[in-house]
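Student: Could you walk me through a structure that is new to me? I would like to ask a few things along the way.

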Amino acid sequence: MRPSHWGHARAMLSLVTSAIEDVAAPIEAIEASVQEIAVPALCTIEGRPLIRSKERCAADFPVKIFVRGSAGAIMGRSSDLGTGGMGFHAPIQLALDEEVHLHFTLPHSRTAFGIAGKVRDVNGYRYGVEFEGLTASEATELLRIVRLLGVKV
């Protein structure tokens with residue numbers, strides 16, 4: 001910066017500092033925990049916080065969906081996959097917390113999965129399911145494939 005601009009830069013810095021001091025409290029004055037500050041800012045679905053505990057990657061493969069009271073499998077298509085759950089599209093009406101059973105084979109894998117899950121997200125005919133009761137070998141294979149696919153969504 002040229003010497004003639006130093007005065008202008010100091011004036012701008014003074015403006016920015018005073019504006020921040022007028023709006024923000026010193027960190028020592030804040031009596032809320034990080035969780036109390038962050039949680040209200042999260043998206044919610046029907047009043048429930050939308051918190052994903054595991055990363056997801058883009059994935060496209062066929063999924064058979066079994067629902068209690070249904071006569072057979074409904075065919076769907078995955079949209080994303082993580083070690084804790086997956087998203088899929090299917091021509092079926094599912095509700096939040098509804099239990100489903102999913103059958104699929106992952107890309108780049110020979111393992112056939114049959115996993116129970118609970119619906120945690122509903123957006124039209126797109127559903128997000130949290131896996132339940134994964135075996136150690138299923139969890140290991142899911143992690144391997146998620147890392148292999150690697151594109152985060």
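**A buried aspartate and its surroundings**

Tutor: Let's begin with Asp80, which is buried at a relative accessible area of 6% (buried means under 20%, exposed over 50% and partly exposed in between, with a 1.4 Å probe and protein chains only). This is a predicted model, where local features need pLDDT of at least 70, side-chain atom pairs count only at pLDDT 80 or more, and totals for chains, interfaces and linings use all residues. Residues are numbered from 1 along each chain as its sequence is written, and side-chain values use heavy atoms, leaving out hydrogens and water.

Student: Which side chain is joined to that of Asp80 by a polar contact of 3.1 Å?

Tutor: Asp80 is found in strand β5, residues 74-82 (strands are DSSP runs of E, at least two residues, numbered from the N terminus). A polar contact is a pair of N or O atoms within 3.5 Å; within protein, one must be able to donate a hydrogen and the other to accept it, and residues adjacent in sequence count only if both atoms are side-chain atoms. The partner here is Ser79.

Student: Is Ser109 buried or exposed?

Tutor: Ser109 is found in the loop between β7 and β8. Its side chain makes a polar contact of 2.5 Å with that of Glu141. With a relative accessible area of 12%, Ser109 is buried.

Student: Which residue stands opposite Phe104 in β8?

Tutor: In β7, Phe104 points to one face along with Val100 and Leu102, and these are buried. β7 and β8 pair antiparallel over 7 bridges (pairing needs at least two DSSP bridges). Opposite Phe104 stands Phe113.

Technical notes:
Helices (H or I, at least four residues) and strands (E, at least two) are DSSP runs, numbered from the N terminus.
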